[in-house]
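Biologist: I would like a close look at a single part of this model. Please take me through the salt bridges.

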Amino acid sequence: MRMLVTGGAGFIGSNFVHYMLREHPEDIIINADSLTYAGNLENLRAVEQEPNYQFVRVDITDREALRPLFEQEIDVVVNFAAESHVDRSILEPDVFVRTNILGTQTLLDLAKEFKVRKFVQVSTDEVYGTLGDTGLFSETTPLAANSPYSASKAGADLLVRAYHETFGLPVNITRCSNNYGPYQFPEKLIPLMIQNALADKQLPVYGDGLNVRDWLYVEDHCKAIDLVIREGATGEVYNVGGNNERNNLQVVRTILQELGKPESLITYVTDRPGHDRRYAIDASKIRTQLGWQPKYNYESGIVETIRWYLSNQAWMEQVKSGGYRDYYEMQYGERLGS
Ligand code: NAD
Ligand code: TYD
């Protein structure tokens, strides 16, 4: 199978590339990523020489630059490429609309033109909005996005649906809860708190710290996407989540305990505008229909993740200093004549 993976240099995308090369060495992976601040080729150093892996620097809104990739007979498109951080979307919504909506529509058009066998849109539970103290998001929960980020992802989901209904494009949408694990950019809660705690810096907790997320170890998300690619019924949406609801204070306290740091580092800061209170996923559809099962629970996944960041502090330093951005030039600059 020839797979076009967009956004494969980001957090989940790079974990997915590693997962697929390990689990399906017979497949060919083309990683198309424009390398925004969130794209980091250091994440993929270990696989860059693999004969069945190729990296191409391309923006998913650039139709003509994408066309030669589709001319290589792509079987499956998996679209991870996105602007993904809620706080940034509050500061600068434009790029979220451009990449997440226009970029997805550009990929859909090419997938239709080149008759790909499947288009998988990697979406998020945030398109459903927020929950009160009870209840779970199911695939039929109405979309009610509250941030520019989630609104742009919801817009993309509707386009994916429309290309299926109108043009018969074989699509799937996955909507996963919050991921954590190796290679996550330290603007997101868990790596940010690990990094600050290690440096004995304050840990900025928004509002009262009681917002709830349903945490899933990234490898279990990759496993779910792999299953959807191979066995997902055409046109279907699959929610993905591991029933690991924790509030932000619980997460921060686990990190402090594991690193042996004092709770006095916790600092309450002004809340995020429009801050969704609670996300929680009903994943019974993917569990019963596709047999998906997560391997990690929160307790095992979070400890593994903290250990990973502890033993990969050079990676974190590269990200903080921006040094990772030089890597593309060093590795590809001369070869590409740029
Ligand atoms: P990320 O921000 O770490 O990575 C995004 C990647 O997309 C980067 O490599 C970036 O360079 C690339 N990219 C951005 N704009 C691009 C463009 N115009 N053209 C080509 N490449 C571009 O994001 P992530 O956390 O890995 O999330 C990946 C996907 O999964 C996103 O679509 C996100 O909405 C979805 N998702 C994330 C989570 C989570 O908890 N992180 C949960 C559910 C779903
Ligand atoms: P985040 O990792 O940004 O994911 P999302 O907003 O997409 O769920 O944030 C997770 C939770 O942590 C969310 O409730 C906001 C909160 N948060 C903080 O309290 N402090 C921080 O510095 C960050 C980045 C997030």
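Biologist: Is Glu-245 buried, partly exposed or exposed, and what is its relative accessibility?

Modeller: Keep in mind that this is a predicted model. Glu-245 has a relative accessibility of 32%, so it counts as partly exposed. Its salt-bridge partner is Arg-278, with the closest N and O atoms 2.8 Å apart. Glu-245 sits in strand β12 (residues 245-247), and Arg-278 in the loop between β13 (266-269) and α9 (284-290), so the bridge ties together parts 33 residues apart in sequence. Arg-278 counts as buried, at 8% relative accessibility. The cut-off for buried is under 20%.

Another pair is Arg-88 and Glu-187, whose side chains meet at 2.6 Å, N to O. Arg-88 belongs to helix α3 (residues 86-91), while Glu-187 lies in the loop between β7 (179-180) and α6 (189-198), so this bridge links parts 99 residues apart in sequence. Here Arg-88 is partly exposed at 34% relative accessibility. Glu-187 is buried at 13%.

Next come Arg-253 and Glu-263, joined by a salt bridge of 3.0 Å, N to O. Arg-253 is in helix α8 (residues 248-259) and Glu-263 in the loop between α8 and β13, so the parts tied together are 10 residues apart in sequence. Arg-253 is partly exposed, with a relative accessible area of 33%. Glu-263 is partly exposed too, at 40%. There is also a network: salt bridges with shared partners join Asp-27, Asp-226 and Arg-230. The structure holds 21 salt bridges.

Terms used
Residues are numbered from 1 along each chain as its sequence is written. Chains are lettered from A and ligands numbered from 1 in the order in which they are written. This is a predicted model: local features need pLDDT of at least 70, side-chain atom pairs count only at pLDDT 80 or more; totals for chains, interfaces and linings use all residues. Side-chain values use heavy atoms; hydrogens and water are left out. A salt bridge is a side-chain nitrogen of Lys or Arg within 4 Å of a carboxyl oxygen of Asp or Glu. Helices (H or I, at least four residues) and strands (E, at least two) are DSSP runs, numbered from the N terminus. Buried means under 20% relative accessible area, exposed over 50%, partly exposed in between (1.4 Å probe, protein chains only).
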